[in-house]
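Q: I'm new to this one and would like to learn how to read it. Can we go through it step by step?

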Amino acid sequence: MLQPVIIALDFPSKEEVNTFLDSFRDERLFVKVGMELFYQEGPDLIRMLKEEGHAIFLDLKLHDIPTTVYKAMQGLSKLGVDLVNVHAMGGIDMMRRAVEGLEEGAIHQRPKCIAVTQLTSTTSVMINDELSIHGSVEESVNQLAINAERAGLDGVVCSPLEVPQIRKHCRSSFLTVTPGIRFVKDDVNDQKRVTTPGEAHRLGSDFIVVGRSITHASDPFKTYQSITEEWRSTYERTSR
Ligand code: C5P
């Protein structure tokens with residue numbers, strides 16, 4: 001099924017979010033709220049975005065003892081968001097408790113829960129030398145994705161380049177949500193491994209998350225439409 005492009009609202013305040021969303025007129029979007037914005041504006045901002053009819057990915061990457069994550073997820077579930085996440089490094093029990101908290105707090109449908117495996121800023125040298133984890137980042141990503149599936153999560157956040165290997169290890173309906181998307185002409189900023197929307201689809205991504213390519217564009221709405229068009233046309237070509 002073709003999923004909407006998720007826009008990362010990486011802004012420091014509600015005012016900047018409103019100015020940005022003004023250019024989208026009445027379009028219903030799928031937006032991502034991360035730590036930068038949530039720690040400033042809190043649940044009120046989520047309520048505002050929901051009232052405006054947007055779907056929400058609350059990207060807070062929870063990682064704590066299982067009981068704390070369970071209780072935090074009960075509260076986040078009550079906000080009625082659509083998608084939340086945890087760090088798979090918190091372990092299988094923590095991830096299971098996250099899903100339980102979401103189920104118990106849900107007013108209607110349980111928000112989907114996905115896991116961050118290894119952050120896209122992580123390297124093999126870092127995990128070997130700093131964290132004493134043996135093997136490569138790819139091996140660690142595979143194991144963490146398997147753990148997330150075993151814990152009952154709905155999918156993972158990962159680089160589009162990691163999707164094919166995750167598909168080999170997890171069920172086909174296991175969601176892959178992928179940031180690191182750029183048009184060929186765009187600045188890659190701090191992302192290490194980027195792909196275009198079309199390439200992300202060919203690699204098997206279910207959802208793409210796009211931040212600066214849209215938020216820093218001179219015409220964000222037009223850029224969003226172009227990215228959506230590339231995403232949709234690749235989908236239509238490959239599903240025929
Ligand atoms: O601006 P850009 O398109 O690079 O934004 C990507 C978004 O996805 C940011 O909000 C970033 O925090 C998030 N993200 C990421 N890599 C991950 C997990 C989340 O870039 N592994």
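Predicted model: local features only at pLDDT ≥ 70, side-chain atom pairs only at ≥ 80, totals over all residues.

Q: Which residues of α4 and α6 meet?
A: On the α4 side they are Ile92, Met95 and Arg96, and they meet Asn147, Ala148 and Arg150 in α6. Sorted by type, the residues of this contact are three nonpolar, one polar and two charged.

Q: How do I describe the way two helices pack?
A: Two packed helices are described by the angle between their axes and the distance between the axes. Here, α4 (residues 92-105) and α6 (residues 137-150) pack at an angle of about 40°, and their axes are 9 Å apart. That's why α4 counts as oblique to α6.

Q: What is the handedness of the crossing of α4 and α6?
A: The α4 and α6 crossing is right-handed.

Q: Now the strands. How many bridges join β1 to β2?
A: Three bridges join β1 (residues 6-8) to β2, and the two strands run parallel. As an example, isoleucine 6 has phenylalanine 30 of β2 as its bridge partner.

Q: How many residues of β2 are buried?
A: Buried means under 20% relative accessible area. In β2 (residues 30-34), five of the five residues are buried.

Q: What about β6 and β7?
A: β6 (residues 155-157) and β7 run parallel, joined by three bridges. Valine 157 stands opposite valine 177 in β7. Both faces of β7 (residues 175-178) are covered: Leu175 and Val177 are buried on one side, Thr176 and Thr178 on the other.

Note on methods
Residues numbered from 1 in each chain as written. Heavy atoms only, no water. Axes fitted to C-alpha atoms, helices over the stretch in contact; angles between N-to-C directions. Helix = DSSP H or I, 4+ residues; strand = E, 2+ residues; numbered from the N terminus. Parallel < 35°, antiparallel > 145°, perpendicular 65-115°, else oblique. Left-handed = near helix turned anticlockwise from the far one by under 90°. Contact = heavy atoms within 4.5 Å. Nonpolar A, V, L, I, M, F, W, Y, C, P; charged D, E, K, R; others polar. Buried < 20%, exposed > 50% of the residue type's maximum accessible area, 1.4 Å probe, protein only. Pairing = 2+ DSSP bridges.
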